[in-house]
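Please find below a colleague's note on the structure shown here. It is written as numbered points, to be read alongside the sequence and the model.

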Amino acid sequence: MSHKIVVTGIGATTPLGGDVQSTWRALLAGESGISTLEQPWVEQYQIPVTFAGQAKVKAKDVLSVPETKRLDPSSQFALIAGREAWADAGSPEVQPERLAVEFATGIGGVWTLLDAYDTLKEHGPRRVLPMTVPMLMPNGPAAAIGMDIAARGGVRTAVSACASSTEAIANAIIRLQSGEIDVVVAGGAEAAIHPMPIAAFASMHALSRKNENPTAASRPYDVARDGFVMGEGAGALVLETEAHAKARGAKIYAELVGGAVTSDAHHITAPDPEGAGAARAVIAALKQANAKPEDVVHVNAHATSTPVGDIAEYVALKRVFGDHLNNIVFSATKSSTGHLLGGAGAIEAIFTVLALHERVAPPTINLDNQDPEIPLDVATSPRKLPDGPLLAISNSFGFGGHNAVIAFRSYN
Amino acid sequence: MALSQAEVLAGLAEIVNEETGIDTSSVQLEKSFVDDLDIDSISMLTIVMNAEGKFGVTIPEDEVANLKTVGDAVSFITNAQ
């Protein structure tokens, strides 16, 4: 890559905490952000899955009343994460035309959409709010951040299910490499803990049914895993050319050295059992980084805790890394956060960046009996990473056969 | 029982505050929604809709354009009750 790209700001709101530091501390402490849903609709509709990873801090406790009225919950989370990342980067002075946003969501404004339809059915069209369309559109979260920081270099939204926000970060590389953009706020958000998406994911048997033990339900790589756990929240990263960051004396967390997107064209929901598309994404990201597979020391895996998905990712990685897989420290952080769908890649990118910056791989919880078919070295407590330059990747895969992989290098 | 003009003004000020963040004390009878309070058209439509719900009145779409000031809206709602 011609321009070096660095991470200068991070922000998040997750089931573990309302910001990056509280989230990261809870993650390192091995906490679970998953809990039983107390909402009346669980009982009312007899929802078969009664738990999820709800945002630890409610958006309405952070934002102004007009912001909560005019933004879908997904955009509210995006704005919170975006503002934290921007402030963390030192609110850089950048020409608005050279500032862009690449911010994803998997599902979009599902609360707004379904609330509006309920209103239409119950009270007629005169009660459907005028802000309904801008609130439900999937580019709403990106637009909310773009308006907030006055980004005029293009505000775009990747939508590729659970690969969305990793794809958004990969897209940011292209913008920064173009020479037209100095700074990008990239990431993703999701707010889909609503009875309809839960019912729909449950209907396809994608969700864990461990209703009696929510904190143990998300258990990637464990033999007793039975599906993913829905989470909500957002993650945002300020990405910047190294030249721009250095010129303004910014602190630098890590270098973003590669990002690649491929597609399986195999099945709308099932992963390719050979893992060819996922493997190509890893190889392409490493090629951009001018790195060899043997350089990778840490992987933040997609690892959603589904029986099939965790194995498919392992098969793909085995294709790329071969025996070097034994030397890589794996973290499956969805065990603590649940699966934030279109926000997952963004918070996992932040975890990967912090793992390099603090030289510690975060733990994977609930791994009591590791699946013998997935013989990876998984950190179950915070694991110190070696001295010297570090290369790590974060993987995300989504319904539709989307594969997205990003690579970060430690920065000195 | 119908609300007084002062009660309608107070209720409308709350609706404006929730939608726009404008302080309720700034929502005064002589203020123009567009020129003084800087309320955009979508917010105005939302305020009208919420006022219909709160005060149990119907504000026809043709009428919205005539509600230039807070006082216009308060008078319309007070008379329509």
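1. The model is predicted. Its scores are ipTM 0.83 and pTM 0.96.

2. Chain B has a mean pLDDT of 94, with 99% of its residues at 70 or more. Within chain B, confidence is highest in helix 4 of chain B, at 96, and lowest in helix 3 of chain B (residues 61-64), where the mean is 89.

3. Two packed helices are described by the angle between their axes and the distance between the axes. In chain B, helix 1 (residues 5-20) packs against helix 4 (residues 70-80) at an angle of about 120°, and their axes are 9 Å apart. Helix 1 of chain B is therefore oblique to helix 4 of chain B, since angles from 65 to 115 degrees count as roughly perpendicular and those over 145 as roughly antiparallel. The crossing of these two helices of chain B is right-handed.

4. Which residues make this contact? Helix 1 of chain B contributes B:Gln5, B:Val8, B:Leu9 and B:Leu12, while helix 4 of chain B contributes B:Val70, B:Ala73, B:Val74, B:Ile77 and B:Thr78. Sorted by class, the contact between helix 1 and helix 4 of chain B holds seven nonpolar and two polar residues, and no charged residues.

5. Between the chains, eight residues of chain A are in contact with eight residues of chain B. On the side of chain A that touches chain B, five residues are nonpolar, one is polar and two are charged.

Notes:
Residues numbered from 1 in each chain as written. Chains lettered and ligands numbered in written order. Predicted model: local features only at pLDDT ≥ 70, side-chain atom pairs only at ≥ 80, totals over all residues. Contact = placed C-beta atoms within 7 Å. Nonpolar A, V, L, I, M, F, W, Y, C, P; charged D, E, K, R; others polar. Axes fitted to C-alpha atoms, helices over the stretch in contact; angles between N-to-C directions. Helix = DSSP H or I, 4+ residues; strand = E, 2+ residues; numbered from the N terminus. Parallel < 35°, antiparallel > 145°, perpendicular 65-115°, else oblique. Left-handed = near helix turned anticlockwise from the far one by under 90°. pLDDT = per-residue confidence, 0-100.
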